Amino acid sequence: VSAIMLLSDGNFENALEKISTIRDIEYSKQAIINSGVYLARSIIDGLNKPSHIVTLCQKQGETLSADCIKGVSANLAGFYFVGDNDNILDFCETEELSPKDRDYCFNGALETLGLLGFANVAKLCNEIDIKYKDYCYE
């Protein structure tokens, strides 16, 4: 993924387009999930609005869109865990997310926080819509 980002001169749209042309679907899914670190960082650094990243992910088609959104939310959660992101679930509340995409988003973020052993997962899970509580690993 780093090589793809480098070849794309940091242009996320070009990078995601290159990833979507990878023939092996499992490899392309993994690559798009891994690209989430760059996309998440661009949101935190104020280089991109969450709505723009959602749109980029949705352009990847049904197969890769879900993995893209989950990858971004998982990485935003990781940055939150290390104290580098204050708005943990804001991305999952982005208006442009479809209900299905929102589900993928909460899954990625909450699963990551649970796996990292984030102490406040229970508190976060008490504040979210009940339909996402299944992703809480307390």
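Which helices do the buried residues of α3 pack against? In this predicted model, the buried residues of α3 pack against α2, α4 and α6.

## The nonpolar core

In soluble globular proteins, nonpolar side chains tend to be buried together. The largest nonpolar core of this model contains 40 residues. Those with the most contacts inside this core are Leu 39, Ile 53, Val 72, Phe 91 and Phe 106. Eight helices each supply at least two residues of the core: α1 (2–7), α2 (12–20), α3 (25–34), α4 (36–44), α5 (50–58), α6 (61–81), α7 (99–115) and α8 (121–127). The helix that gives the most is α6, with seven residues.

When its neighbours within four places in sequence are left aside, Val 72 is in contact with Gly 36, Leu 39, Ala 40, Ile 43, Ile 53, Cys 57 and Phe 91.

An α-helix has 3.6 residues a turn, so residues three or four places apart point the same way.

In α2, the residues Phe 12, Ala 15, Leu 16 and Ile 19 are buried. Viewed down the axis of α2, its buried residues fall within an arc of 95°, and they therefore line one face of the helix. In α3, Ser 28, Ala 31 and Ile 32 are buried. Seen down the axis of α3, its buried residues also lie within an arc of 95°, so they line one face of that helix.

## The crossing of α4 and α6

Two packed helices are described by the angle between their axes and the distance between the axes. The axes of α4 and α6 come within 8 Å and cross at roughly 60°. This angle makes α4 oblique to α6, and the crossing is right-handed.

Several residues form the meeting place of the two helices. From α4 come Gly 36, Val 37, Leu 39, Ala 40, Arg 41, Ile 43 and Ile 44, which meet Cys 68, Gly 71, Val 72, Asn 75, Leu 76 and Phe 79 of α6.

Thr 94 is found in the loop between α6 and α7. Thr 94 has a relative accessible area of 8%, and residues under 20% count as buried, so Thr 94 is buried. Apart from neighbours within four places in sequence, Thr 94 is in contact with Pro 50, Ser 51, Val 54 and Arg 102.

Gln 60 is found in the loop between α5 and α6. With a relative accessibility of 14%, Gln 60 counts as buried. Not counting residues up to four places away in sequence, Gln 60 touches Leu 16, Glu 17, Ser 20, Ile 32 and Ser 65. Gln 60 and Tyr 27 are 33 residues apart along the chain, and their C-alpha atoms are separated by 15 Å.

## Glu 13 in α2

Glu 13 is found in helix α2. Is this residue buried, partly exposed or exposed? Its relative accessible area is 36%, and Glu 13 is therefore partly exposed.

Leaving aside neighbours within four places in sequence, Glu 13 is in contact with Leu 56 and Lys 59. Although Glu 13 and Leu 56 are 43 residues apart along the chain, their C-alpha atoms are separated by 6.5 Å.

Conventions:
Residues are numbered from 1 along each chain as its sequence is written. This is a predicted model: local features need pLDDT of at least 70, side-chain atom pairs count only at pLDDT 80 or more; totals for chains, interfaces and linings use all residues. Side-chain values use heavy atoms; hydrogens and water are left out. A nonpolar core is a set of buried Ala, Val, Leu, Ile, Met, Phe, Trp, Tyr and Cys residues joined through side-chain atoms within 4.5 Å. Buried means under 20% relative accessible area, exposed over 50%, partly exposed in between (1.4 Å probe, protein chains only). Helices (H or I, at least four residues) and strands (E, at least two) are DSSP runs, numbered from the N terminus. Contact means heavy atoms within 4.5 Å. The arc is that of the directions from the helix axis to the C-beta atoms. Axes are lines fitted to C-alpha atoms, for helices over the stretch in contact, and angles run from 0 to 180 degrees between N-to-C directions. Angles under 35 degrees count as roughly parallel, over 145 as roughly antiparallel, 65 to 115 as roughly perpendicular and the rest as oblique. A crossing is left-handed if the near helix is turned anticlockwise from the far one by less than a right angle, and right-handed if clockwise.
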